[in-house]
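Please read the points below with the chain open beside you, and look up each residue as it is named.

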Amino acid sequence: MATTKSFLILIFMLLATTSSTLASLEEMVTVLSIDGGAIRGIIPGVILEFLEGELQRIDNNPDARLADYFDVIGGTSTGGLLVAMITTPNENNRPFAAANETVPFYFEHGPGIFSPRPLFPIIPGPKYNSTYLMQVIKEKLGETRLNQTLTEVVISAFDIKTNEPVIFTKSSLAESPELNAKMYDICYSTAAAPTYFAPHYFATTTSNGDPYEFNLVDGGVATVGDPALLSVSVAMKHAENEDPAFASIKSLNYKQMLLLSLGTGTTSELYKNYTAEEAAKWGILQWLLPLQEMRSAASSYMNDYYLSTVFQALDSQNNYLRVQENALTGTATKFDDASVANMILLVQVGENLLKKSVSEDNHETYEVALKRFAKLLSDRKKFRANKASF
């Protein structure tokens with residue numbers, strides 16, 4: 001009799017533990033963020049391929065896609081393009097690109113996108129002809145609009161006429177229907193880095209049917225080269241708007257959020273190439289390129305500093321993973337070197353990054369950390385599917 005009683009108590013404890021675990025999974029909000037970085041988007045492309053492959057392995061489903069697992073996916077510039085590729089539906093209402101198709105996209109179209117205009121810089125204008133980039137993304141994304149993406153997306157740009165950032169999200173369309181632009185307009189805009197590509201003009205309509213004009217450049221101008229914090233903010237806004245799927249993260253409850261942030265690499269060369277004495281002699285032209293690199297690196301560093309501090313303070317540091325190579329050298333540091341040799345090098349950077357430790361304090365490799373993330377993503381998805389079946 002005692003044995004039977006003990007057995008029943010054990011069963012009850014197991015059920016209680018399982019129930020607690022499932023409840024925790026139910027409350028977890030998942031966010032993916034991808035930095036800007038032009039051709040260096042190959043690096044997060046490698047990471048995305050690894051993660052999606054791991055999800056397919058865990059769930060024994062070769063058709064599993066990242067958009068099935070993340071509540072919010074944000075990106076800027078090349079990150080915005082990657083977001084569009086993995087969230088824009090095809091004719092079967094599935095992402096038109098699997099993660100393992102993102103790196104081949106750069107190899108196929110990178111040389112055309114980063115082909116300098118004839119007579120540049122003799123004839124004023126951006127370095128690259130914008131026509132090829134627009135043709136490619138228009139062909140890939142078709143007439144799909146923002147409201148049709150397969151999950152919440154966050155793609156940033158900057159309006160040079162209103163002097164304000166523009167954040168394209170599905171959740172904002174009820175209040176701001178003019179943001180329901182075609183995905184190719186959004187993607188070109190977020191990639192239109194000043195001096196590299198021409199700004200983009202297009203118009204949509206307001207709720208009253210009036211035209212609404214955009215004059216946009218790269219979201220990096222609004223210092224969101226790393227859109228992780230912006231993506232988290234959008235997730236929090238969902239909670240404020242009483243979205244039941246996001247209710248668990250009200251009051252900045254980061255313990256119930258799983259955040260994966262993918263960088264495009266930073267360079268160690270920047271800090272050893274310049275001194276205060278040397279920079280004191282610089283004028284506007286000399287500051288132009290270094291300042292762009294410094295702002296990009298600073299934005300990435302500060303976002304990571306804030307997020308890692310908050311997650312750690314809430315004893316949930318395992319819920320946040322920043323995947324970033326901080327020691328790019330040589331041609332890999334360039335945003336626009338689309339030579340085959342450099343693109344192969346960037347693939348190697350991504351593959352080598354998987355084998356590196358997450359930090360000096362955390363000797364877990366990125367590969368191991370991503371496998372752990374994949375398991376959490378899979379468990380949460382299964383829980384939601386089981387709950388929906390009742």
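1. The residues of helix H3 that are buried are Thr78, Gly79, Gly80, Leu81, Leu82, Val83, Ala84, Met85, Ile86 and Thr87. Buried here means under 20% relative accessible area, while exposed means over 50% and partly exposed lies in between (1.4 Å probe, protein chains only). Helix H3 covers residues 78-87 and is mostly covered, with 10 of its 10 residues buried. Helices (H or I, at least four residues) and strands (E, at least two) are DSSP runs, numbered from the N terminus.

2. Before going further, please keep in mind that this is a predicted model, in which local features need pLDDT of at least 70 and side-chain atom pairs count only at pLDDT 80 or more, whereas totals for chains, interfaces and linings use all residues. Residues are numbered from 1 along each chain as its sequence is written, and side-chain values use heavy atoms, with hydrogens and water left out.

3. Thr205 stands opposite Pro211 in S6. The two strands S5 and S6 form a hairpin with 5 residues between them, and Gly209 in the turn has a positive phi of about 85°.

4. How many salt bridges does a search of the whole structure find? The search finds 14, a salt bridge being a side-chain nitrogen of Lys or Arg within 4 Å of a carboxyl oxygen of Asp or Glu. One of them joins the side chains of Lys161 and Glu213 (3.9 Å, N to O). This pair links distant parts of the chain, with Lys161 in the loop between strand S3 (152-159) and strand S4 (164-169) and Glu213 in strand S6, 52 residues apart. Lys161 is exposed, at a relative accessible area of 62%, whereas Glu213 is partly exposed at 41%.

5. A second pair to check is Lys356 with Glu325, whose side chains meet in a salt bridge (2.6 Å, N to O). Glu325 is buried, with a relative accessible area of 8%, while Lys356 is partly exposed, with 38%.

6. Please also look at the second largest pocket, which holds about 980 Å³ of space. On a 1 Å grid over the protein atoms alone, a pocket is an open set of points where a 1.4 Å probe fits, with protein on both sides within 12 Å along at least five of seven lines, and lining residues have an atom within 4 Å of a point. The lining has 32 residues, of which Asp304, Ser308, Arg322, Val358 and Ser359 lie nearest the centre of the pocket. Helix H10 (284-313), strand S8 (320-323) and helix H12 (366-389) each supply at least two lining residues, and H10 gives the largest share, 10 residues. Arg322 is also linked with Asp35 and Asp226 in a network of salt bridges.

Technical notes: Pairing = 2+ DSSP bridges. Points joined across faces, edges and corners; volume = space filled by probe spheres on them.
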